[in-house]
Amino acid sequence: MDHLLTPTAWAWAAVQALLYALLAPLLAGWIRKCKARLQNRRGAPVLQPYRDLYKLMGKEVRVAHTASPLFRAAPYIVFTATWLAAATVPLAANILPTAAIADIIVLVGLLALARFFLALAGMDVGTPFGGMGASREMLVAALAEPAMLMAVFTLAMTAHSTNLASVIDAQLGAGLVLRPSLLFALAALVLVAIAETGRIPVDNPSTHLELTMIHEAMILEYSGRHLALMEWAAQIKLVLYGVLIANIFVPWGIALSHQPASLAAGLGAIVLKLAILGAVLAAAETVLAKMRLFRVPAFLNLALLLGLLGLLGHVILEVGA
Amino acid sequence: MTSALWLAALAVALAFSSGAVSLFAGRAPRLLRFQAMPLVALSGAAAAAAGLAALWQGGTVSTELPLGLPWLPWRLRLDALAGFFLLVIGLVTAAVGVYGPAYIRHLEHGRDSLPALGGFTALFLAGMMLVVLADDAFGFMVAWELMSLASYFLVVFQHDQAANRRAALLYLIMAHVGGLAILLGFGVLAAFAGGFEFDSMRAAQLPFAWASVVFCMAFIGFGMKAGLVPLHAWLPEAHPVAPSHISALMSGVMLKVAVYGFIRVVFDLTGQAHWQWGVAVLAIGSVSALMGVLYALMQHDLKRLLAYHSVENIGIIFIGLGLSLLFLSEGHTLLGVLGLVAALYHTLNHALFKGLLFLGAGAILHSAHERDLEHMGGLLRRMPWTGLFFLVGCLSISALPPFNGFVSEWLTFQAALQAWQLDSGVLRSLVPVAAATLALTGALAAACFVKVYGVAFLGRARSRHVRRARPVPLGMRAGQGMLAALCVAFGILPMSVVATLDAVPVQILGAGLPQATAHGWLWLTPVAPETASYSAPLVVVLLAAMAGLTAWVWRRGAVRRVRRGDPWDCGFTPPTPRMQYTASAFAQPIRRVYGLLFHIDEGVETQPDGSARFHSSAGDRAWGLFYLPVVAAVESSARRIVRLQSGSVRIYLGWTLATLLVLLWIIS
C-alpha cells in the first residue's frame, strides 16, 4: 500500500485539497447568481462569497460570556473535518492516495464528526436558538446518514469496494449500463445531499427567521473569523456532495493519469458538471417551497427507502444475474 | 504460557484478598480506600497482563484445582478467547481501582455497610474472572452464580430506597431465569459429551435439533444477562442504582462476560454454525441496537441513559456475531472471522468507553450530586478534565473517526458489505437491512450524545448545586484518563489491536485474518487492499496538519483580540438558564418521529392553585409487550396449581408416590 504514498501523489493530493477549498465559494456564488437571475434580479457578483469571507476574516471576534473553550475550537474542527472529508473525494483526477486513506464510510464518519461539533457549538452558549438548531440538525442527520450509507453501499457492492477511487473506476469500466439499483441510489443521494447541505426544501440557507432555521440557528452566535470558517465549511460540504454525485454517477471526463492535458480536461469536466448541478439546484430552490420541520422525516425516510431499495435491488437482481 | 495462567491466578487471589481486607472495614473505614481498592486495581492489572500474555503467546494451558466435589474437580483453562476477555475485565477493573478510593470516600461517614461494598466488589470481580477461566460446566455455573449474586448485593447496596430494592429483586429473578437456561444448555451438551468438561463437549457431535436447543438456551440465558431486547428491561433498572464505579463494572464488563459465554458455547463448544442461528442473532441484535438507542434518547437520568446505550452496543456486538455465523454457515471462513473480529473489537471498545462514561457520570454525581440531565449544564467550565474525558467517551461511543468505536463499526460494515458472496438470495437481502439498522443506530447515538454533552457540560447551569460543582480529586481524574487514553489509542492504532485479537479466531475457528494487517501498521485492510482500506494514523496526522494550517493562515492578519459580550437576545430580555433547550426538548422531534415505538404518557394537568403542569414520559414497550404477559401467565398458572393444595397430608403423599412412579417408569 505504501506505493500510494509517493511525494508526487502527496503533492497532487495537496493541490486537490486546496482546489476544494478555493472552488467552494465559487459554487456558492454561482448558485446565488443563478437563483437571482431566475427570480428576475441581477444578483451579487459570482465572486461575492470570496469578498464576504475576506471581510469576515478581518473582523473582530465577539464571543458570549457564557461560551466555553469548545466554542472557540469548534470552527477549526468543523472546517478541518469537512475539508479532509472533501479531500478524499477524487475531484479532477482519480489517481490520489487520499481515497485509500479514508474510504466512503470514513468520509461519512468525518462529516458526522464535523456535525457533532457543530451541534455542540450550537448548544454551548446556552441560548434557546442554539439548542433548537442542534436538536433539528441531529434529527435531520439521524435520518439522512443511514440513507446516505445505503446509497453508497449500493455503489460499494456494485464495485465490490468501499474505496471511492475503485468505485469510480468500476463505473467507468462498466460503461453506459442502466442499472435500477444505481438509479435508486442516485435518487437517495440527491435527497440526502439536499438535506445535509441545508438547502430548500429542508432548510433555507438565506433565512434568519428564527422559527424555521436549522443550520443558521447553530451558528447564530458566531462572528468574525469563526463565522467565516463555519460558512466556508458549509460551502465545502456543498461542493463535496456535488462532486460525489457528479463523479460517481457521471464519471466521464475525470483524469486517469498525471498528463497535464488530461488533468486540465478533468478539471474542465468537473467544473462543467458542477455548474450544471448548481444551476439545477438553483432552479429547484426557486420552484420549491420550504417544508415544515415535521415533513422532513417523511422526505428523508423516502431517501432511506430508496437507498434500501437500491441495495436490495442490487443483491437480489444483479448479483445472481 | 504457564506464566500467563499464574498471572491469572494471581489476579483472582488479589481480588479475594481485597475482599478479605474489606471485612475489617467496619472497624477501620480507611482500609477500604487504602488497601481494598488498590488491591482491586492490582488485580485488574494482573488480569490484563495475563490476558495479553495469553493472546500474544497463543496456545492453551489448563490445570485442575483441588476444589469442588471429589469426583468433579474444577478445571481452569487459559486460551486466547479467555485471555481476550481477561484483558477486557482487567483494563476496566484497573481504571475502576484507581478511580474508586476517592469516589467511596464520602461513604465512610454514611450508614452504608463498607465491608459489604468491598467484599461483594471483590467476589463480583473474582466471579467474572473465574467464569472466563472455567473449563467445565460445573465450575462455570458456580462462578456464574457467584458473579450474579455478588452483583445483586451491589445493586441493592443503597437499600434504603424502595426503588433500588425493586430493581435488585427484578435483577435477581432475571439473573436466575437466565442462569437456568444456561444450565439446561450445558445439560444437553453434557448428555452428549458424557461429562462436564468443555473438552469432551467440544469433541461431542450433536445432531442439528439438539444443537439448536443448546443454541436457544445459550442465546436466551446469555442474552438475558447481556440485555438483548426484549429481555433487557431489567438492565436500565439495575445498572444505574449501584454505586457508579460498580455501574462501570456491570455495564462495561459483566455484559461482556455474557458475550464470552455465548461465544464459548456457540462458536467453541457446539462447533457448528447454521444459517438459522445467524438469522436469529442478526435479527435480535439489530432490534436491540435500534431499540436501545431510541430508548436511551428518551431518558434524562444520565446513568439510565448510559444503561440503555449498553443495550444498543450489545446489539451491535451481536450483529457482528450474527454476520459471523451466517458466513460460517455457508463456508466463508475468512468472512466469518471478520465478523467475529468486528464483534470482539466492539466488545473491547464498549468496555472502555462505557466504563469511561459511567466513571464520568460518577464524577458528576460526586461533585454536583446530580443524575438528572435536566438540572445540569455548564459543567465543562467547572470540571474541565472530566469534561474532556467525557467528550472522548461521547465521540467514541458515537462511532466518530478517529476514535475506537468507529473502527469496530467500520469492520462490521465491511463484513456486512461482503453479503454478495452469500449463496442464498434471502440472506443476501437480509444483511443490508441489518446494515441499515446499524447505520441508523450510529446516527441516533450521535444525536443522543450531542444531547448528553450539550445539556450536561455546555450551556449554563440549570440548578444551584450544579453551579457549585468542583473538580473531582486526582484519583478519579486518573481513572477516567486511563480509559480515555485507551479509547484514543485503540482508535488510532487499529492494526495492532486486530493483530492481537487475531489469536482468538485462530484458536476457535482455526483461521485468522492475516490480510487485515498485511500492509504494515499504517493500513487496515480487512478483506483486500482494493476492497477497503482505512489508515487511522494518517487520518489523525492529516486532521492535525490541516487544522494547524488553517489556524496559522486564519489568524494572520486577522484581529487577534476576542471580545466577550452577551449572547444575542433578539432585543428582548436577556436569556436565562431556564430558557435553554432541555434534554427532553432536544429529543422531542425524535420522540415524535418514532412515537409508535414508545409508550408515551403526556398531558397537562391543572393544579389546585389554578396553575397548569405539563408532564411527559416515554416508557419502555417491553414491559407491556413481554414482561407483563409473562407475569400474568405465571400468576394464572400459579392459581391453577394452588388447587392441589388441599391441606390433607394423605393427598400430598399420594401425589408424591405418583410422581415417583412416573419417574421410575421414565428411567426404566
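This is a predicted model: local features need pLDDT of at least 70, side-chain atom pairs count only at pLDDT 80 or more; totals for chains, interfaces and linings use all residues.
**Entry 1: where the chains meet**

I began with the contact between the two chains. I found 73 residues of chain A in contact with 69 residues of chain B. I then listed the elements that give two or more residues to the chain A side: β1 (61-64), α3 (69-87), α4 (98-101), α5 (104-124), α6 (128-159), α10 (224-249) and α12 (296-318). Which of them gives the most? I noted α6(A), with 17 residues. By residue type, I recorded the chain A side as 47 nonpolar, 16 polar and 10 charged.

**Entry 2: a strand pair across the chains**

I followed β1(A) next, and found 4 bridges joining it to strand β3 (residues 562-565) of chain B. The two strands run parallel. What stands opposite V61(A)? I wrote down V562(B), in β3(B).

**Entry 3: one residue of α3(A)**

I looked up A87(A), which lies in helix α3 of chain A. Is A87(A) buried or exposed? I count A87(A) as buried, because it has 28 C-beta neighbours inside 10 Å, and 20 or more are enough for that. Leaving out residues up to four places away in sequence, I saw A87(A) touch A13(A), Q16(A), A17(A), Y20(A) and T98(A). I also checked A87(A) against S181(A): they are 94 residues apart in sequence, and their C-alpha atoms are 27 Å apart in space.

**Entry 4: two helices of chain B**

I turned to helix α13 (residues 333-368) and helix α16 (residues 404-416) of chain B, which pack at an angle of about 160° with their axes 8 Å apart. I therefore put α13(B) down as roughly antiparallel to α16(B), since angles over 145 degrees count that way. I noted the crossing of α13(B) past α16(B) as left-handed. On the α13(B) side, I listed residues of this contact including L335(B), L338(B), Y345(B), H346(B) and F353(B). The residues they meet in α16(B) include N404(B), V407(B), L411(B) and A415(B). I recorded the residues of this contact as 10 nonpolar, 8 polar and no charged.

**Entry 5: a hairpin in chain B**

My last stop was strand β4 (residues 599-606) of chain B. How many of its 8 residues are buried? I got a count of 0, so I call β4(B) hardly covered. I found 8 bridges joining β4(B) to strand β5 (residues 612-619) of chain B, and the two run antiparallel. In this pair, D601(B) stands opposite S617(B) in β5(B). The two strands form a hairpin with 5 residues between them. In the turn, I noted a positive phi of about 95° at G610(B).

Notes: Residues are numbered from 1 along each chain as its sequence is written. Chains are lettered from A and ligands numbered from 1 in the order in which they are written. Two residues are in contact if their C-beta atoms, placed from the backbone, lie within 7 Å. Ala, Val, Leu, Ile, Met, Phe, Trp, Tyr, Cys and Pro count as nonpolar, Asp, Glu, Lys and Arg as charged, and the others, Gly among them, as polar. Two strands pair if DSSP finds at least two bridges between them. Axes are lines fitted to C-alpha atoms, for helices over the stretch in contact, and angles run from 0 to 180 degrees between N-to-C directions. Angles under 35 degrees count as roughly parallel, over 145 as roughly antiparallel, 65 to 115 as roughly perpendicular and the rest as oblique. A crossing is left-handed if the near helix is turned anticlockwise from the far one by less than a right angle, and right-handed if clockwise. A residue is buried if 20 or more other C-beta atoms lie within 10 Å of its own, exposed if 12 or fewer, and partly exposed in between; C-beta atoms are placed from the backbone.
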